[in-house]
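Welcome, and please take a look at the sequence and structure below.

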Amino acid sequence: MDDVMDESTAESAALPQKRYFRQRAHCNPWATNELEHPISPKHVDWKSLYPAFPATPGQVEFADVGCGYGGLLMNLSTMFPDKLMLGMEIRLKVSDYVKQKTEALRVQHPGQYQNIAIVRTNAMKYFVNYFQKAQLSKMFFLFPDPHFKRAKLKWRIVSPTLISEYAFALREGGIVYTISDVEEVHLWMAKHFEEHRLFRGLSAEEMEKDPVVPKLWDSTEEGKKVTRNGGQKFCACFERIPSGALS
Amino acid sequence: MILVTNGSSVMVTALADKLLIGTVDSSRPSTQTDCRPHLIDHRKLEEAYSAPPEKTEASLQENGQATVSTTGKKLVAHNSGIKSYKPDVENTRWISAVAISLSGTFIAVVDNLKDLFVYTVRNNSESLDRPKLISRRNIPKRCMAITFTSDEASIIVADKLGDAYIFSISADTAQAPAPILGHISVLTDVVVSPDDRYILTSDRDEKIRVSHFPLADDIQTFCLGHTEFVCRILIPSPDHPVVLSTSGDCTVKAFNYLSGSELTSVSLLEEGPPNPSPGTGVYVNSLSYSPAIRTVFTSLRSKNFVYGLQLHVEADPDLKVAFLPLQKIAMTAPVVSIGLLGMTLLILLEDPKNPFTTLMHIDQLSETGSNLQNPHFSGYEEALRTVVQDIEQSGQFTNLFRDPFADMFNMFSRGSEVESEHADTDSKKGFRKEIARQVSPAYRPNTKRVKTDVPETMEYV
């Protein structure tokens, strides 16, 4: 009996392998397909995402938009063990992978990795369904899909429309971290964040002092791939400034 | 067909490319004064105007996102953005949205050819004999809703790609302005708060966004609670931060637009779940509020009823809103749109022979007895009937009562635990199968495999 029990827990605690969860990288976020989404932040079952915490709406502090295979979340989980972090990913197989991996990690390392979770959702359309006003303290956009063609520019995760929503969900002083290996995408994101009234760019010294910035480079699957191929990465960070500070 | 009023003195019915403006002397009760109709035919504009409209640099080609309309393939000037569909349809004008300023001085009209017209019916508090055109310009994208700001100096236009633009009443700039705010979805309605401090926009993704005005990149809150596209929003009174909203989920909800919390909700369906199955085309389409008797009037598209709901607002200590049980008044045909002028309720019906009717004395309406029509609107009614019959006879528009919200339902059911395989749109195989299923059989390739190696009959000789 004991052997059977050990086997099954060992099986369920085995880390899932990425090669069984590969999926096409690009998709159309403007398509209204049948993605279930919560009516509002109060309607989300936070307890099922973070069972070890008395999760209430308004507790999540870090949001990884387009988290892919969850590399950044895993890394930050041990750095900030009492901050709740949510990953948002639109691809089904990839979000399943992260879910299974989180569960496996929680079993393998009891007490750890309880503060990360993933939801499968279209962050462009349903971002504000998950977060209340001025809730988040950090947001991450790691290697977002470039969508080069002119007709696809509105699919980019950073646009003036969406930056207003991110400014709504971020608290004053909250930081947005962006990194990309495509220079054009990096310049696009930097331009739009700088132009928005409610954000200001962080200087190089401020970025050096921040302990999270070094994690952006190689935590994720995409980041490791770029390093393997010998590509360049461009990083930029922005702070949400108070609305009242402007005329 | 669209019916819009400013509540007291001006009403506009827009159908095809024609406007029927009705003015009423608001200093006298609507039961004693006639409604004077004026017809403006936009087809005649091409001859009257020698100068072409100012084309803005931003009016680029449409993206050509095709959607299949529920009225069938003959998309006569359908607002879904198909520009190159039929050559004879391209130049057909169809009015898509109308707004009247609060005092009734200005009327703004947008059509599917992206022209924005502004008319005035008053000149220095004197009513003009005929409405006068003040400005005409081109806007970047097709739009679903427009509104005036409370100071009547600007017009906000909400377009089909989710952006809202602000224009001044007179055409002083040739360039299209940058959008002041955006959604990632079709915008269905836009409203500015009476103190001009907030702008509320509703979209197909069940959201109502409340942003500061005029610096609309600062969002105040989101009013979340609807489970289908939000159709119309209305701010009933300037005293409380309450917004009423109607939706494809057949409910009317009230929200506090400063905090975003849902105050109350009432469903207009008697039986069945709050979400009727999509494709039935039932949704709450109109919303009108009478401050005199504090009643909200609304109607369900495709049903023959007008509903009256009494609105009770308490501000102490917290903002609380309640709808009292509703009154249901039967009509002779499905209700397209409703509006209020003083104490008279105006109703557009989906009946080419009798498209327009009125209900007088809205404070004394009864469900069972007969309600009086307002005889002073008979001139308007006659004029409208003539216009409808002219259009039907000319045959230029196949569906006058076309429903602009028919294909806005979001087509998903909440609470289903099973993830269907088609939900994964990234899987190429499923995507191709989905397309093949939608295409009619005539276009499907013949996939029957003919077996050539095995003979049909085995003959034993």
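What percentage of the 461 residues in chain B do buried residues make up? They make up 53% of them, where buried means under 20% relative accessible area, exposed over 50% and partly exposed in between, with a 1.4 Å probe and protein chains only. This is a predicted model, in which local features need pLDDT of at least 70 and side-chain atom pairs count only at pLDDT 80 or more, while totals for chains, interfaces and linings use all residues. Residues are numbered from 1 along each chain as its sequence is written, chains are lettered from A and ligands numbered from 1 in the order in which they are written, and side-chain values use heavy atoms, leaving out hydrogens and water.

**Chain B overall**
- Chain B has three helices and 28 strands; helices (H or I, at least four residues) and strands (E, at least two) are DSSP runs, numbered from the N terminus.

**Backbone features in chain B**
- A cis peptide bond runs from B:Phe213 to B:Pro214, with omega near 5°.
- B:Pro214 sits in the loop between strand 15 (207–212) and strand 16 (219–224) of chain B.
- B:Glu206 has a positive phi, near 65°, in a residue other than glycine, and B:Glu206 lies in the loop between strand 14 (198–203) and strand 15 of chain B.
- B:Glu206 counts as buried because its relative accessibility is 4%.
- B:Arg294 also has a positive phi, near 50°, but B:Arg294 is exposed because its relative accessible area is 53%.

**Around A:Ser40**
- A:Ser40 is in the loop between helix 1 (2–13) and helix 2 (46–49) of chain A.
- With a relative accessible area of 9%, A:Ser40 is buried.
- Not counting residues up to four places away in sequence, A:Ser40 touches A:Asn129 and B:Leu224, contact meaning heavy atoms within 4.5 Å.

**The largest cavity**
- The largest cavity is lined by residues including A:Met124, A:Glu165, B:His183 and B:Phe222; on a 1 Å grid over the protein atoms alone, a cavity is a set of points where a 1.4 Å probe fits but cannot get out, and lining residues have an atom within 4 Å of a point.
- The volume of the largest cavity is about 60 Å³, a volume being the space filled by probe spheres set on the points.

Terms used: 1 Å grid on protein atoms, 1.4 Å probe; cavity = no way out; pocket = protein on both sides within 12 Å on 5 of 7 lines; lining within 4 Å.
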